[in-house]
Amino acid sequence: MYGNKDSRSGNSVSGFGKGKSEEQMTSIALQEAIRWNTELMDREFQGRGDKDYLIRHRLSQKTGVPESYLFRLQHKSRGMKDVAGEYYRRLKLYYDRVCEVNEEAADRYRSERLGTNHETTNQKPASAGLGMAVPAVGKANQKKA
C-alpha cells in the first residue's frame, strides 16, 4: 500500500527504491550519534580530575541535548533502537562546528608556521629532496674542469 510493492511479503526494497530498510537506517543514525557523543566527550575532557557527569553537563549546555540523553548514548545504547531526530541534529551541528573550528585553527597555525598569508595555505610546499644532501652546483663544475 502507498508505494510498497507488497507490504505483506518479506521484501526489503520498497516501491520507492530504498535499498536499506528503516531499521538499518536508524541503526546508522544511532551509531553516528554515539560516535559524535564519544568524540565530543573526549574533546571536552579537561584533565585528570574531570568526571563524566561534569563533561556531560558542559556538553549538554553547548549542544542543547539533555544530560540524561547523552548518558543513554554513552552507557545504555544497546537497548536503543534509534535516536531522536532533534538530538541527532543538534549533535551533528555541534560536531560539524567543532570540526570546522579545528580546521580553521590548523590552517592559521600552518600559515603562521610557513610565514604566508591565509589564502596560500592550501598549497603544499615543493619538496626539497628530504634526507639527501643537495650538492652545490658551482663547486661541482669547478672540480670537473
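**Confidence, core and a helix crossing**

The structure here is a predicted model, and its protein chain comes out with an average pLDDT of 77, with 62% of the residues scoring at least 70. Residues 1-8 are a stretch to treat with care: the pLDDT there is below 50. In the model this stretch still has 9 contacts beyond near neighbours in sequence. Where pLDDT is low, though, the predicted coordinates should not be read in detail.

Next comes the nonpolar core. The largest one has 18 residues, and the members touching the most others are Leu40, Leu59, Tyr69, Leu73, Val83 and Leu91. At least two core residues come from each of helix 1 (22-44), helix 2, helix 3 (67-75) and helix 4. As a general point, nonpolar side chains in soluble globular proteins tend to be buried together.

Setting aside neighbours within four places in sequence, Leu40 is in contact with Leu59, Leu91, Tyr94, Tyr95 and Val98. Of these partners, Leu59 and Leu91 are also on the list of core members that touch the most others.

The axes of helix 2 (residues 52-63) and helix 4 (residues 85-114) come within 10 Å and cross at roughly 95°. An angle of 65 to 115 degrees counts as roughly perpendicular, so that is how helix 2 and helix 4 sit relative to each other. Helix 2 brings Leu59, Lys62 and Thr63 to the contact, while helix 4 brings Arg90, Leu91 and Tyr94. Sorted by class, that makes 3 nonpolar, 1 polar and 2 charged residues.

How values were computed:
Residues numbered from 1 in each chain as written. Predicted model: local features only at pLDDT ≥ 70, side-chain atom pairs only at ≥ 80, totals over all residues. Heavy atoms only, no water. Axes fitted to C-alpha atoms, helices over the stretch in contact; angles between N-to-C directions. Helix = DSSP H or I, 4+ residues; strand = E, 2+ residues; numbered from the N terminus. Parallel < 35°, antiparallel > 145°, perpendicular 65-115°, else oblique. Contact = heavy atoms within 4.5 Å. Nonpolar A, V, L, I, M, F, W, Y, C, P; charged D, E, K, R; others polar. Core = buried A, V, L, I, M, F, W, Y, C linked by side-chain atoms within 4.5 Å. Buried < 20%, exposed > 50% of the residue type's maximum accessible area, 1.4 Å probe, protein only. pLDDT = per-residue confidence, 0-100.
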